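Me: I have a structure open and want to learn how to read it. Can we go through some features one by one?

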Amino acid sequence: MMTLYEFALSCNCHKVRLLLSLLDISYQSIAVNGSERQHKTENFLKMNPFGQVPVLTDGDIVIRDSQAILVYLARKYGNEHWLPTDAAALGEVMAWLSSAANEVAMGPNRLRLHFKFGRAINLDESRQITSNLLNILQQRLDNHRWLAADQITVADIAVYPYIALAQEGKIDLEPYPAVIAWINRIQALPGYVGMPGMRQSE
Ligand SMILES: N[C@@H](CCC(=O)N[C@@H](CS)C(=O)NCC(=O)O)C(=O)O
């Protein structure tokens, strides 16, 4: 059975939980104790030298990084549509996975860390990155149902949690109706699981 090492309140962990659930894969969850710094212990660092969750193990295979885990799960257990093999389509998915690790992490993620957990950040810079990101998402989703293709892919799953938790970063999504509609589409998927604090579909 697969094992997911995670923090309950981590969005990077939520995206993995979400894909596991959408793919109807059973797994064991190990709650890593952040306040006891279990993610910095020697044993944990053997799995992820960066000392971060999520980490997924599947037999002898150990995968770190939420984007990498989504790719692994999609290729091994998902249909082609989650992670296309066509070069151009795959490139499009990878571009959004990269945005998840960059703009999403530096924008909405940092704002949530600041307002929910008290982390010191450059507020102006994080808000600027977030506003630019949301404008780009709005433009894309205004005339497409999904981020990278005509169907849902891991790109949508990678970007989704921090956007659905925007309110925890004091981000107003009302100016971005296409983004709200996309959140609603994801929440309507069979097998969808959310996490506390997420925007709820109307
Ligand atoms: N790029 C990594 C980032 C992982 C990450 O930032 N994890 C956070 C929880 S969301 C963490 O473990 N923070 C503890 C630390 O960095 O010490 C991913 O996408 O998995």
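Reply: Start with a definition: a salt bridge is a side-chain nitrogen of Lys or Arg within 4 Å of a carboxyl oxygen of Asp or Glu. This is a predicted model, so local features need pLDDT of at least 70 and side-chain atom pairs pLDDT 80 or more, while totals for chains, interfaces and linings use all residues. Residues are numbered from 1 along each chain as its sequence is written, and side-chain values use heavy atoms, without hydrogens and water.

Me: How many salt bridges does a search of the whole structure find?

Reply: Side chains of opposite charge can pair when their charged atoms come close. Here the search finds five salt bridges. One links the side chains of Asp58 and Lys76, at 3.4 Å from N to O. Asp58 is in strand 3 and Lys76 in helix 3, so the pair ties together parts 18 residues apart in sequence. Helices (H or I, at least four residues) and strands (E, at least two) are DSSP runs, numbered from the N terminus.

Me: What is the order of the strands in the open sheet?

Reply: Strands of a sheet pair through backbone hydrogen bonds, either parallel or antiparallel. Two strands pair if DSSP finds at least two bridges between them. In this sheet, four strands have the order 2-1-3-4, with mixed pairing. Strand 2 (27-31) and strand 4 (61-64) are the edges, each pairing on one side only. Strand 1 (residues 2-6) and strand 3 (residues 55-58) run antiparallel, joined by three bridges. Tyr5 stands opposite Val55 in strand 3.

Me: At what angle do helix 4 and helix 5 pack?

Reply: Two packed helices are described by the angle between their axes and the distance between the axes. Axes are lines fitted to C-alpha atoms, for helices over the stretch in contact (heavy atoms within 4.5 Å). Angles run from 0 to 180 degrees between N-to-C directions. Helix 4 (residues 87-117) and helix 5 (residues 123-142) pack at about 130°, with axes 9 Å apart. That makes helix 4 oblique to helix 5. Angles under 35 degrees count as roughly parallel, over 145 as roughly antiparallel, 65 to 115 as roughly perpendicular and the rest as oblique. The contact includes Trp96 of helix 4 and Leu133 of helix 5.

Me: Where does Pro54 lie, and which residue joins it through a cis peptide bond?

Reply: Most residues other than glycine have a negative phi, and most peptide bonds are trans. Val53 and Pro54 are joined by a cis bond, with omega about 0°. Pro54 lies in the loop between helix 2 (42-47) and strand 3. Asp24 has a positive phi, near 60°. Asp24 sits in the loop between helix 1 and strand 2.
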